[in-house]
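Subject: Model to look over

Hi,

Here is the structure I promised to pass on. Have a look at it first, then read my notes below.

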Amino acid sequence: MDSKAKTIGYAQGGTELAYLRTGLKFIALTMFALVGWVKVRFTSRPTLIILTYHRILPTDHPDRKHEQPGMVTAPEVLQAHIRHMKSLGAAPLHLNEWLEKRSGNEPLPDLSFALTFDDGWRDNYQYAYPVLTAENIPATIFLVTQLLDTNQTFWPEQVLTLLTTRAIPDSVPDFQWLIPFLPNQKATEKPLTLKEADEVISRLKALDDQSILNHLKAIPGQGHLPEDTANIRSILNTPELVKMATNGLIRYGGHTQHHYRLNRISDASQLKREIVDCLDDLKKLDKGVVPIFCYPNGNITKDGERLVAEHYEAACTTRTGWNKVNQDPFDLHRFNLHDGNSYSFRTLLATIGRGIL
Ligand SMILES: [Zn+2]
């Protein structure tokens with residue numbers, strides 16, 4: 001075999017392997033989907049499935065270029081999820097309604113589903129709310145109260161925008177803190193791909209949220225954006241919150257004051273502010289507030305849990321699974337959905353099926 005033939009042989013081998021991999025993935029997904037479907041059909045009742053979303057953005061939205069793929073769902077995918085859940089016989093309910101009916105021993109649907117949205121993104125108003133209104137589906141949004149009505153955003157989005165739009169040279173002192181977290185722990189000569197930048201976000205979680213935000217603030221053009229640039233506001237404001245709560249379709253729970261991961265807070269008064277004062281901030285909204293907490297990044301600590309249990313009636317975690325009638329209200333399980341894991345009925349079922357194995 002000459003070298004050209006060998007190369008073609010390798011190439012064919014590579015293609016066959018790729019086909020095999022795709023085929024195996026298809027089979028695995030189908031099996032998981034089947035498990036999901038069987039569980040939906042035959043699970044003991046009553047059961048609540050909580051579906052979680054973050055950002056709802058059209059497929060051509062510019063923000064997608066600087067966002068973690070696991071955070072984004074297209075409006076039509078959200079709409080399809082709702083229709084799929086209905087077709088499985090699941091009844092839509094407000095999360096707090098299910099919890100209240102349960103504690104009051106009132107009858108519950110055999111299978112219910114509740115939608116939750118984390119962080120309070122402005123796109124929830126722009127792109128999710130019209131879908132929820134059209135489908136008449138209730139939802140709870142977990143708000144980061146001190147970010148409402150501001151042009152601030154979370155540090156992962158600031159870092160992603162920075163890394164995907166410019167190089168991070170060694171020569172700039174304001175970038176020194178970031179270099180150990182970059183690929184190969186080296187300065188970059190060109191912008192990173194979204195995948196590379198996403199991996200930097202995971203590594204940066206070794207630092208605490210406030211240190212990252214302080215570092216970002218020191219970089220010119222980062223951190224606080226000018227108040228007059230309303231078109232780049234990414235978090236909900238009060239008029240939007242009031243409008244969505246008017247007909248009772250949307251309710252609001254607490255997701256701390258600043259989205260600091262609670263396991264990174266050692267100061268007791270700061271922990272209290274993030275959990276308890278967050279609820280006080282929410283109550284100023286007057287409409288649609290429910291005493292349900294959602295742990296940022298799913299990080300839970302004993303002190304945090306105690307404060308949450310004293311001031312709220314329930315809490316959502318990032319643990320996946322179904323909620324049976326005896327589920328601990330402070331350990332509600334959810335399925336985090338995004339375009340990548342639920343773009344079709346089969347993948348939605350597979351995600352739900354995988355989460356319960
Ligand atoms: Zn969050």
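β1 and β5 run parallel and pair over seven bridges, where strands count as paired if DSSP finds at least two bridges between them. L48 has S112 as its bridge partner in β5. Strands here are DSSP runs of E with at least two residues, helices are runs of H or I with at least four, and both are numbered from the N terminus.

Some housekeeping: this is a predicted model, so to speak of local features I need pLDDT of at least 70, side-chain atom pairs count only at pLDDT 80 or more, and totals for chains, interfaces and linings use all residues. Residues are numbered from 1 along each chain as its sequence is written, and side-chain values use heavy atoms, with hydrogens and water left out.

Seven of the seven β1 residues are buried (under 20% relative accessible area; exposed is over 50% and partly exposed in between, with a 1.4 Å probe and protein chains only). T47, I49, L51 and Y53 point one way, L48, I50 and T52 the other.

Next, the zinc ion. Its protein donors are D119 (OD), H255 (NE2) and H259 (NE2), at 2.1 to 2.2 Å. Donors are N, O and S atoms within 2.8 Å of the metal (3.2 Å for Na, K and Ca), and water is not among the atoms, so sites may look incomplete. The spacing along the chain is D-x135-H-x3-H. D119 is in strand β5 and H255 in the loop between β7 (250-254) and α9 (268-283), 136 residues apart. D119 and H255 are both buried.

Last, the second largest pocket, with about 510 Å³ of space. A pocket is an open set of points on a 1 Å grid where a 1.4 Å probe fits, with protein on both sides within 12 Å along at least five of seven lines; lining residues have an atom within 4 Å of a point. The volume is the space filled by probe spheres set on the points. The lining has 25 residues, with H54, M71, K205, H259 and N297 nearest the centre. α5 gives the most, three residues.

Cheers
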